[in-house]
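Subject: Structure handover

Hello,

The sequence and structure are below, followed by notes on what was found.

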Amino acid sequence: MTESDGRRCIYLDHGATSWPKPPEVIEAVVAAMTEQGANPGRGAYGMALAASRVVFEARGALARLLGVPDSRDLAFVSGCTEACNLMLKGLLAPGDRVVVSSMEHNAITRPLHLLAAAGLVIDVVEADPAGVVHAGDIERAVRAARTRAVICQHASNVTGAIQPIADVADIAHEHGALLLVDGAQGAGHLEVDLTALDVDAYAISGHKGLLGPQGVGLLYLRPGLDVTELMQGGTGGGSSEDESQPQGRPERYEAGTPNTPGIAGLGAAARLLFEHGDAWRAEEQMLFRELKEGLSALSGVRVLGPRPDEPSVPSLSLVSDRLDPDKIAFMLDRRYGIAVRSGLHCAPWAHRTIGTIGTGAVRFGLGHGNTRDDVLAAVSAVAEILS
Amino acid sequence: MTAEPRRFVVYGFASVHDALGAESALRDAGLAVTAIPSPRELGELCGVALRMDPALASAAEVVFASAGTTPRATAQIDDL
């Protein structure tokens with residue numbers, strides 16, 4: 001693959017966003033802009049209906065992929081960050097207490113910081129040094145005091161650790177609490193059945209493991225869960241004369257013109273993943289294990305997170321006692337055309353948990369489209385840089 | 001040449017999503033349906049309504065029930 005400047009790029013930053021996008025996704029985005037370019041839900045002429053059907057069908061494809069029986073329970077939003085803000089600010093009030101894992105991304109911790117200033121009580125449950133949150137620790141925290149919600153990611157964007165969401169759901173519900181999940185690194189990289197997971201809210205990125213365009217995401221809300229919307233405004237449908245926001249799903253959470261091209265692309269991606277997801281995930285996991293084993297075997301490298309034989313989404317971070325993470329990332333890019341990300345990955349809590357808050361780390365994220373040659377090149381390049 | 005108005009049954013829904021869901025279910029059932037701008041007879045001036053031959057109304061209601069898409073309003077209109 002090549003970047004815009006014509007250089008060859010081995011893209012290993014799927015934890016940030018997937019690239020390249022499947023051709024079907026790009027074609028759907030282009031079609032939405034060239035053939036279905038009207039405003040969905042804002043008219044009943046041919047092209048407006050075509051745009052409306054694009055959104056309707058994309059929602060249905062995503063519901064099928066994610067195990068959601070009624071697609072109205074999936075709201076399109078601008079991305080996982082908006083979804084996290086919506087579920088937190090729409091459900092939590094001053095005086096509520098929440099139990100939250102120490103591995104959360106800023107998409108969770110920053111809204112919580114704001115809510116805490118208004119009186120939200122936050123208890124943090126520490127993950128282990130690999131970044132895994134243990135259900136028993138969550139249970140102890142939930143038992144300690146009345147809890148409105150447990151907040152836990154599905155997988156870590158730093159170590160790739162997969163959290164025991166189904167167990168945490170049982171614990172939360174047993175104690176009358178909600179389970180709110182940041183699924184940014186889960187959907188697509190993991191087979192996600194939201195009904196089986198029994199979560200109350202699940203925030204989804206459209207452009208990472210789901211392979212859609214940037215600028216679109218989803219929030220799943222359990223049927224009947226009353227979450228106050230972040231925004232009010234036009235929804236296109238009936239009852240325009242009402243001054244209050246419609247309370248029906250999905251329009252309650254979709255004020256304003258939606259990102260139709262993004263939704264179209266995400267819908268196309270969902271159809272691809274429904275058909276090929278199992279095979280793609282198996283390939284991804286095989287390559288990721290090879291990458292992790294290869295990097296772990298290098299002298300002077302410490303790979304953070306679960307061992308290669310333990311479950312993980314295909315992202316890992318490493319540090320070296322020979323070179324700072326930013327230097328490693330820079331040399332990988334400039335000398336080898338390998339795209340990785342250094343720093344704190346918008347997750348200072350996670351880096352504090354695993355002991356890298358002072359240095360950061362270099363993250364390698366695999367995804368659809370990566371090859372064995374990419375993995376071998378990455379391991380070889382890191383070995384050379386640190387030799 | 002101007003066509004003579006005909007009588008139709010029209011259905012209004014809580015949202016465009018619901019209207020399109022109902023349209024899809026009706027088409028899957030082999031029933032002819034046309035999406036139209038919501039007429040004032042439905043009590044709302046925005047959104048999408050579904051227009052059908054009144055002779056299909058009974059069959060449509062069976063489809064709505066099985067699809068879980070209950071119309072919010074129903075009316076008869078004369079339309080072209």
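In chain A, 71% of the contacts with a separation of 6 or more join residues 24 or more positions apart; two residues are in contact if their C-beta atoms, placed from the backbone, lie within 7 Å. This is a predicted model, in which local features need pLDDT of at least 70 and side-chain atom pairs count only at pLDDT 80 or more, while totals for chains, interfaces and linings use all residues. Residues are numbered from 1 along each chain as its sequence is written, and chains are lettered from A and ligands numbered from 1 in the order in which they are written.

Of the 387 residues of chain A, 56% are buried, that is, with 20 or more other C-beta atoms (placed from the backbone) within 10 Å of their own. The C-alpha atoms of chain A fill a box of roughly 70 × 55 × 35 Å along the principal axes.

An automatic or database domain assignment divides chain A into domain 1 (10–22 + 277–385) and domain 2 (23–272). Their C-alpha centres lie 26 Å apart. Domain 1 of chain A puts 31 residues into the contact and domain 2 of chain A puts in 36. By class, the domain 1 side has 12 nonpolar, 15 polar and four charged residues. Here Ala, Val, Leu, Ile, Met, Phe, Trp, Tyr, Cys and Pro count as nonpolar, Asp, Glu, Lys and Arg as charged, and the others, Gly among them, as polar.

Between the chains, the contact takes 15 residues from chain A and 16 residues from chain B. The chain A side divides into four nonpolar, eight polar and three charged residues.

Regards

How values were computed: A residue is buried if 20 or more other C-beta atoms lie within 10 Å of its own, exposed if 12 or fewer, and partly exposed in between; C-beta atoms are placed from the backbone.
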